[in-house]
Amino acid sequence: MKLGTRMVASVAHMGPAIITSIILIMIWQAGTSLFNIPNWLLPAPSRIADALWQWRLTLVNDIGVTLLETIIGFIFAVLGAIPIAAALVSSSLVWRSFYPILAAFQSIPKNAIAPILILWFGTGELSKVVIAFLISFFPIVINAVTGMQATDSDAMAMFKSIRANRWQILWHLRLPNAIPYIFAAAKVSITLALVGAVIGEFVGADSGLGYVILLSSSQLKTDLAFASIVLLALIGVALFSVVGLVEKLFTPWAPSLEHMLGVPA
Amino acid sequence: MSSKIAQIWPEVAPVESFIDFVNVGKTFRTRTGDIPAICDISLSIPKNQFVAIVGPSGCGKSTLLKMLAGLLTVTSGRIDLHTGGRDPLPNVGMVFQRPALLPWRDVLSNILLPTQIAKLERPVAVKRAMALLKLVGLAEFARKYPNELSGGMQMRVALCRALICEPTLLLMDEPFGALDAMTREELSIELLKIWQHQPKTVLFVTHSISEAILLADRVVVMSARPGRVIQTVDIDISRPRDFSDVHSAAFKDYSSLIRELIGTRH
């Protein structure tokens with residue numbers, strides 16, 4: 001299938017969503033002028049676009065800060081979660097020692113400990129990286145564990161019949177089996193990591209989109225706050241898509257998008 | 001070629017026993033109490049014999065195979081393996097009812113898996129795998145993923161995977177049970193060809209009486225749970241066999257004999 005055909009197919013697939021968005025934005029624009037809604041309460045889409053353009057130079061810096069915090073926190077979460085999941089499923093002693101503690105940690109609302117993390121790691125990027133890490137770590141561990149345990153019983157019997165040892169079973173069966181599960185969690189986690197970074201910036205920071213939202217809404221520069229929110233939404237979608245692309249690279253055996261859309265190859 | 005195999009066959013005719021089941025019993029412990037799955041099975045299997053095990057479902061046929069493969073322990077009695085070498089465990093190839101291929105590996109890598117576990121040299125292993133794929137008519141599918149193959153093709157790949165380490169013992173647990181009748185017949189004949197090409201001891205669990213007679217030198221008939229051996233029936237139909245044998249008088253006699261044996265309550 002040619003790239004051009006594929007792009008046409010994916011645009012055609014997203015067409016209805018694009019049209020709906022345009023209609024909603026038009027209603028918003030008309031509504032704000034029709035009802036004379038003040039800019040500080042709800043800025044019109046055109047005002048938000050103005051703000052984006054006007055503040056573009058500083059916003060680029062804030063995007064960079066928030067993006068960096070999110071991605072670093074997320075990458076550490078993935079790198080930490082997989083070996084920990086492997087250790088959990090490979091030894092029942094490790095499982096019984098650590099899994100309950102992990103589950104308990106998972107149930108702590110991460111925004112509740114954000115002020116303490118700022119206290120420990122300062123108001124710079126590090127504290128946000130830590131929050132992004134903590135918030136995105138647990139879903140990946142839980143899903144990786146599930147994927148490593150959800151192995152086919154016949155495949156497991158086959159590995160045992162060829163006398164594979166624990167490490168060979170981990171490497172050749174459990175880990176590859178967990179890859180789709182890990183990616184499913186990663187797609188959720190990367191968005192959560194962004195939430196974590198913004199929470200951290202709310203609590204204490206001097207840059208980043210969360211900081212911009214907090215500062216501009218306190219100064220009634222609501223258009224700038226909305227501009228930052230739009231940017232966060234775009235970042236969230238972009239990060240989600242990147243994880244989806246990496247997933248396709250890592251799972252060439254999975255049915256392709258064209259296949260699922262029913263577009264002939 | 002087939003007449004050559006027929007000549008070779010009497011020469012490798014089995015004499016000494018390779019596997020001895022001695023009063024083997026298996027009891028599963030569950031919360032609601034002990035469930036005896038297999039009771040007092042004694043059976044001698046000579047080297048290179050093709051043995052089919054038939055019986056009603058739940059009679060412990062699969063349990064028998066799993067104990068032999070070392071996947072389950074024996075509760076009472078013992079299983080003696082006369083492997084000849086120092087290794088008390090035989091080189092086992094196993095095929096299950098489902099192909100149980102790894103979806104993330106292509107056909108060739110799936111077949112190579114046992115050689116990776118056994119740390120065989122890769123070039124040798126690849127050569128062997130390609131020869132096996134050619135034998136089952138899938139040479140051009142080496143780079144396909146399992147989900148791109150039909151059920152019958154997947155089962156052929158599973159068979160290749162079981163054969164790649166050149167096992168002395170092939171354990172097959174209702175391998176063709178999930179396939180349609182036509183594919184099933186094709187694969188039975190292919191299995192016979194492979195077995196006559198490279199003789200090995202085969203234990204083949206099946207629900208199908210005609211499949212058992214067509215394939216095996218000896219059919220072990222088991223009773224309902226707890227599984228016991230009702231009788232073993234030697235199948236005296238000349239080899240190589242094919243599907244025309246199914247219509248012979250001898251085949252029909254064996255079939256009604258075994259059907260009768262299974263119907264007997266013990």
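Let me start with one residue, B:Asp40. B:Asp40 is found in strand 2 of chain B, residues 33-46. Look at its backbone. B:Asp40 has a positive phi of about 50 degrees, although it is not a glycine. Why mention that? Because most residues other than glycine have a negative phi.

One caution before I go on. This is a predicted model.

A:Asn36 is not a glycine, yet its phi is positive, about 55 degrees. Where does A:Asn36 sit? It is in the loop between helix 1 (3-34) and helix 2 (45-54) of chain A. A:Asn36 is exposed, with a relative accessible area of 66%.

Next, a peptide bond. Most peptide bonds are trans. The bond from B:Arg239 to B:Pro240 is cis, with omega near -5 degrees. B:Pro240 lies in the loop between strand 9 and helix 8 (249-263) of chain B.

Strand 9 takes us to the sheet. Chain B has an open sheet of six strands, in the order 5-6-7-3-8-9, with mixed pairing. Which strands stand at the edges? They are strand 5 (92-95) and strand 9 (229-234) of chain B. Each has a single partner strand, so one side of each is left without a neighbour in the sheet. Neighbouring strands of this sheet are turned by 15 degrees against each other on average, direction ignored.

A quick reminder on pairing. Strands of a sheet pair through backbone hydrogen bonds, either parallel or antiparallel. We can see both here. Strand 8 (residues 218-222) of chain B pairs with strand 9 of chain B in the antiparallel sense, over five bridges. In that pairing, B:Arg218 stands opposite B:Asp234 in strand 9 of chain B.

Now strand 5 itself. Strand 5 and strand 6 of chain B run parallel, joined by four bridges. One partner pair is B:Met94 with B:Leu171, the latter in strand 6 of chain B. And the side chains? In a regular strand they alternate between the two faces of the sheet. In strand 5 of chain B, B:Val92 and B:Met94 point one way, while B:Gly93 and B:Val95 point the other way. Are these four buried or exposed? All are buried.

Back to helix 5 of chain B, where we find B:Arg156. B:Arg156 has a relative accessible area of 8%, so it is buried; the cut-off is under 20%. What does its side chain meet? It makes a polar contact of 3.0 Å with the side chain of B:Glu186. Leaving aside neighbours within four places in sequence, B:Arg156 is in contact with B:Val136, B:Leu138, B:Glu186, B:Leu187 and B:Glu190.

For contrast, go to chain A. A:Ser218 lies in helix 9 (residues 209-218) of chain A. A:Ser218 counts as exposed, at 58% relative accessibility. Its side chain reaches the backbone oxygen of A:Leu215 at 2.7 Å. From A:Ser218 to A:Gly122 is 96 residues in sequence and 23 Å in space, C-alpha to C-alpha.

Last topic: the two chains together. How many residues touch? On chain B there are 21, in contact with 19 residues of chain A. The size of an interface is often given as the accessible area lost when the parts come together. Chain B and chain A bury about 1900 Å² between them, with 63% of it on carbon and sulfur atoms.

There are polar links as well. The count between chain B and chain A is two salt bridges. One of the salt bridges joins the side chains of A:Asp154 and B:Arg98, at 3.4 Å, N to O. Six residue pairs are in polar contact across the interface of chain B and chain A.

Which elements of chain B give two or more residues to the side that touches chain A? They are strand 5 and helix 3 (107-117) of chain B. Helix 3 of chain B gives the largest share, four residues.

Technical notes
Residues are numbered from 1 along each chain as its sequence is written. Chains are lettered from A and ligands numbered from 1 in the order in which they are written. This is a predicted model: local features need pLDDT of at least 70, side-chain atom pairs count only at pLDDT 80 or more; totals for chains, interfaces and linings use all residues. Side-chain values use heavy atoms; hydrogens and water are left out. Two strands pair if DSSP finds at least two bridges between them. Axes are lines fitted to C-alpha atoms, for helices over the stretch in contact, and angles run from 0 to 180 degrees between N-to-C directions. Buried means under 20% relative accessible area, exposed over 50%, partly exposed in between (1.4 Å probe, protein chains only). A polar contact is a pair of N or O atoms within 3.5 Å; within protein, one must be able to donate a hydrogen and the other to accept it, and residues adjacent in sequence count only if both atoms are side-chain atoms. Contact means heavy atoms within 4.5 Å. Buried area is the accessible area (1.4 Å probe) that two parts lose on being put together, summed over both. A salt bridge is a side-chain nitrogen of Lys or Arg within 4 Å of a carboxyl oxygen of Asp or Glu.
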